[in-house]
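Here is a short report on one protein model. It begins with a single residue and then turns to the whole chain.

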Amino acid sequence: MSTDDRTEDAGLRPLEEGVRTDLAAEMTYADYLGLERLLSAQHPLSDHPDELLFIIQHQTTELWFTLVLHELRGVRRYLDEDDVSRARKGLARVKHIFRTLTEQWSVLATLTPTEYGEFRGVLASASGFQSAQYRAVEFLLGNKHPGMLKVFESDPPAHAMLAELLDSPTVYDAFLRQLARQGHPIPAEVLERDVSRPWVQQAALVPVFAEIYGDTETHWAAYATCEDLVDLEDAFQLWRFRHLRTVQRTIGFKTGTGGSSGVGFLKRALDLTFFPELYEVRTVLG
């Protein structure tokens with residue numbers, strides 16, 4: 001009896017004729033994705049079975065942050081090149097990434113306070129507060145803080161990345177400059193601002209956005225991009241909120257492992273906004 005006959009007798013579908021099975025000299029799926037390195041990067045420090053969940057949750061988040069940074073840098077570049085359509089595609093992708101990250105908290109939320117408490121001590125001073133990629137995302141979106149660079153002095157590559165982004169225009173800066181090139185009256189003090197400083201609300205921008213929202217047919221590309229930015233901020237804030245609730249249900253109001261106030265620190269982050277004028281304009285419309 002042939003192998004194919006035995007496969008059919010067992011009720012199994014035979015492999016398609018064209019499927020490659022001799023991969024000794026070929027690039028494989030595992031090769032392309034670097035799976036040997038990726039799947040061997042989990043090193044629990046305790047014997048607790050749930051520490052693996054905690055590690056994978058945060059490693060996965062960092063992988064998504066890598067893509068978020070790639071996309072946001074692209075958005076900024078496309079806006080600089082007046083390629084609004086491609087910029088909008090990047091903003092949409094980042095929005096969906098944050099929706100995925102928000103849903104991901106539901107997996108970590110299955111970790112009970114007792115379970116987490118049994119291995120929390122092995123984290124020592126390690127904390128998500130120290131995520132260089134998360135800080136880079138915030139810098140690109142406008143929440144800059146030069147004091148954060150001190151946290152990464154012992155990590156030269158991370159420090160260099162954040163220093164570069166601290167002194168670079170944000171996505172919002174690039175959008176406002178693009179609007180100015182299209183003839184919108186963006187104030188000179190906004191266009192010439194010190195980009196190393198955190199964004200603060202600019203009242204003079206609200207009438208500019210009111211004109212865009214008041215005549216969407218004439219200003220469709222600008223209007224649609226404004227809404228893309230609002231979508232992104234909403235998705236980011238929902239991720240922040242779900243983070244807060246997951247932390248609160250797991251450790252209550254304990255101090256964070258990195259020394260922050262924990263839930264209190266995360267609550268204050270919810271008051272931050274990247275594009276305040278795009279929310280303020282809603283108050284004056286109509």
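E138 lies in helix α7, which spans residues 132–141. Helices here are DSSP runs of H or I with at least four residues, strands are E runs of at least two, and both are numbered from the N terminus. E138 is buried, at 2% relative accessible area. Buried means under 20%, exposed over 50%, and partly exposed in between (1.4 Å probe, protein chains only).

The E138 side chain makes a polar contact with the side chain of Y134, at 2.6 Å. Such a contact is a pair of N or O atoms within 3.5 Å; within protein, one must be able to donate a hydrogen and the other to accept it, and residues adjacent in sequence count only if both atoms are side-chain atoms. Leaving out residues up to four places away in sequence, E138 touches N143, F236, R240 and F274. Contact means heavy atoms within 4.5 Å.

## Basis of the model

The model is predicted: local features need pLDDT of at least 70, side-chain atom pairs count only at pLDDT 80 or more, and totals for chains, interfaces and linings use all residues. Residues are numbered from 1 along each chain as its sequence is written, and side-chain values use heavy atoms, with hydrogens and water left out.

## The whole protein

The protein has 14 helices and zero strands. Its C-alpha atoms fill a box of roughly 80 × 50 × 40 Å along the principal axes. Of its 286 residues, 40% count as buried. Among contacts between residues at least 6 apart in sequence, 70% join residues at least 24 apart.
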